[in-house]
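Dear colleague,

I am passing on to you the structure that follows, together with its sequence. Please look through it first, and then read the notes below, which set out what was found in it.

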Amino acid sequence: MPIRLDDGDADFSSRFEALLHAKREASEEVDRIVADIIADVRARGDAALIDYTSRFDSLDLTPERLRVSEAEIDEAIAACPPDLLAALETARARIDAFHRRQKPADSWEIDEDGVGSGWRWSAVEAVGLY
């Protein structure tokens, strides 16, 4: 959540001091927490999903309610105003296009001497630099 500070406010000094001393998670801590959640879901499956949904989303699910039925989807679409559906589709298309543009692309060129050069993007499991 953004915090707005104005040095003209009477409580600026105390709020700025609080900001400076606020806990900030290190990337390693976040990575560990996420890895633990993924491991738990792999180990406990749907039970873990139900627990995390309750914890993070305050939504109580049952194994029978994990999957949204086609009828429920159709009912939700029918209840949604057409202008809102159009706005959601526009947002979906923009998000999709944005992330497709972020995806790295391979490149290969052959110069005037017939020498080829380029790069290929691929995931790696681990990297070591010496």
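The accessible surface of the protein chain comes to about 11900 Å², and 57% of that surface belongs to carbon and sulfur atoms. Please keep in mind while reading that this is a predicted model, and that the values given here were computed from it. Of the 130 residues in the protein chain, 5% count as buried.

Taken along the principal axes, the box filled by the C-alpha atoms is roughly 65 × 55 × 40 Å. If one looks at the contacts between residues at least 6 apart in sequence, 0% of them join residues at least 24 apart.

Two pairs of residues give a sense of separations within the chain. Phe56 and Leu19, which are 37 residues apart in sequence, have C-alpha atoms 25 Å apart in space, while Ala105 and Ala71, which are 34 residues apart along the chain, have C-alpha atoms separated by 40 Å.

Next come some individual residues in the helical part. Asp40 is found in helix H2, which covers residues 27-44, and with a relative accessible area of 19% Asp40 is buried, because buried here means under 20%. Once its neighbours within four places in sequence are left aside, Asp40 is in contact with Gly45, Ala48 and Tyr52.

Helix H3 covers residues 46-57 and holds Thr53, and Phe56 is placed in helix H3 as well. Is Thr53 buried or exposed? Thr53 counts as buried, at 16% relative accessibility, whereas Phe56 is partly exposed, with a relative accessible area of 48%. Not counting residues up to four places away in sequence, Thr53 touches Ser58, Leu59 and Leu61.

Ser58 is found in the loop between H3 and helix H4, the latter covering 70-79, and at 66% relative accessibility Ser58 counts as exposed. Ser58 also has a positive phi of about 55°, although it is not a glycine. Most residues other than glycine have a negative phi.

Ala105 lies in the loop between helix H5 (82-102) and E1, and with a relative accessible area of 51% Ala105 is exposed, because exposed here means over 50%. Leaving aside the neighbours of Ala105 within four places in sequence, Ala105 is in contact with Trp119 and Trp121.

How do the two strands run relative to each other, parallel or antiparallel? Strand E1, made of residues 107-110, and strand E2, made of residues 116-119, pair in the antiparallel sense over four bridges. Within this pairing, Ser107 stands opposite Trp119 in E2, and Glu109 stands opposite Ser117 in E2. The two strands form a hairpin with five residues between them, and Gly114, which sits in the turn, has a positive phi of about 85°.

Note on methods
Residues numbered from 1 in each chain as written. Predicted model: local features only at pLDDT ≥ 70, side-chain atom pairs only at ≥ 80, totals over all residues. Heavy atoms only, no water. Pairing = 2+ DSSP bridges. Buried < 20%, exposed > 50% of the residue type's maximum accessible area, 1.4 Å probe, protein only. Contact = heavy atoms within 4.5 Å. Areas by Shrake-Rupley, 256 points an atom, 1.4 Å probe, with all protein chains shown as cover.
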